[in-house]
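Student: Could you take me on a close look at the aromatic rings in this model, and at what sits around them?

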Amino acid sequence: MHNDGKALQTNANKLTVTWVGHATTLVQIDGVNILTDPIWSERCSPLSFAGPKRYTPPGISIENLPKIDVIILSHNHYDHTDLPSLKQLEEKFHPLVLTGLGNKKLLLGEGIQNVKEMDWWDEVKIGSLQLTFTPTQHFSGRGLFDRDETLWGSFMISGKQETVYFAGDTGYYSHFKEIASRFPNIDVAILPIGATEPRWLMEPVHVDPKEAVRSFQDLKAKFLVPMHYMTFVLSDEPLDSPVPRTKEAMKESGISESALIPLKIGETRFF
């Protein structure tokens, strides 16, 4: 579905999550508009003519977005830090960009002006919001020789009343329980459920649907909004398999299916 953005542009204070595709979501909270890992490009690759091609178009155009105040970047892989999209968003909105240690130089070099680097557990205040950079089990690198030279992570967005967690990319680890111990009232957890097969390769860095449900339980969140599937072909599982597998894992764990919010690309959920 394509979102014309009208409901988003007129929303002053309600919590919403819109899935644009892949790990790109728009979170509206306390009147602040936050984009996660924005990618509107046709490919997630250093080359415009090769590399993984988009399977589904973005659910909302950049033109139809409300004013973007903040962009949060979980790590520097091409499908999460997409420079062409960031340049378009910079030109239109001049947002604050939050990212892990070591990523500022790349972004400033591309003309992104307002960049703040964060270490794990660092906090930034924006109006009534507190954004905290939280740990994940992943890795970074954009070339052959820069592996793990910049920091990766996830973000906790704490508002006046609601709290939203954006996981970025991650394998399953004890960090989810640690995050929950510091943030005991998470309303929405935006968690990856795709790019998971084969497990021998993906397990350390990408949770599969069963592990996403375990992560959701560790976080003690109220709602799970899945992402990181149906957009780019990055792995061996069928593109449309992650949601049915997540539903099955929730059933096995005794979690009500009403806790799962499998948005269509372009769909907005008002909470």
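Tutor: Happy to! In this predicted model, the count of aromatic pairs comes to four. Let's go through two of them in detail. A pair of aromatic rings is described by the distance of the centres and the angle of the planes.

Take Phe133 and Phe155: their ring centres are 4.9 Å apart and their planes make an angle of 50°. Planes under 30 degrees apart would count as stacked and those over 60 as edge-to-face, so this pair is classed as tilted. Phe133 belongs to strand β8 (residues 129–134) and Phe155 to strand β9 (residues 154–158), so the contact ties together parts that are 22 residues apart in sequence. Both Phe133 and Phe155 are buried.

Now turn to Phe223 and Phe271, which also form a tilted pair, with 5.6 Å from centre to centre and 55° between the planes. Here the pair links distant parts of the chain, 48 residues apart: Phe223 is in strand β12 (residues 223–227), while Phe271 is in the segment after β13 (268–270).

The charged end of Arg142 sits over the ring of Tyr78, at 4.0 Å from the ring centre. Over the ring of Trp121 sits the charged end of Arg182, 3.7 Å from the centre of that ring.

Methods:
Residues are numbered from 1 along each chain as its sequence is written. This is a predicted model: local features need pLDDT of at least 70, side-chain atom pairs count only at pLDDT 80 or more; totals for chains, interfaces and linings use all residues. Side-chain values use heavy atoms; hydrogens and water are left out. Rings of Phe, Tyr and Trp (its six-membered ring) pair if their centres lie within 6.5 Å; planes under 30 degrees apart count as stacked, over 60 as edge-to-face and the rest as tilted. Helices (H or I, at least four residues) and strands (E, at least two) are DSSP runs, numbered from the N terminus. Buried means under 20% relative accessible area, exposed over 50%, partly exposed in between (1.4 Å probe, protein chains only). A charge sits over a ring if NZ of Lys or CZ of Arg is within 6 Å of the ring centre and within 35 degrees of the ring normal.
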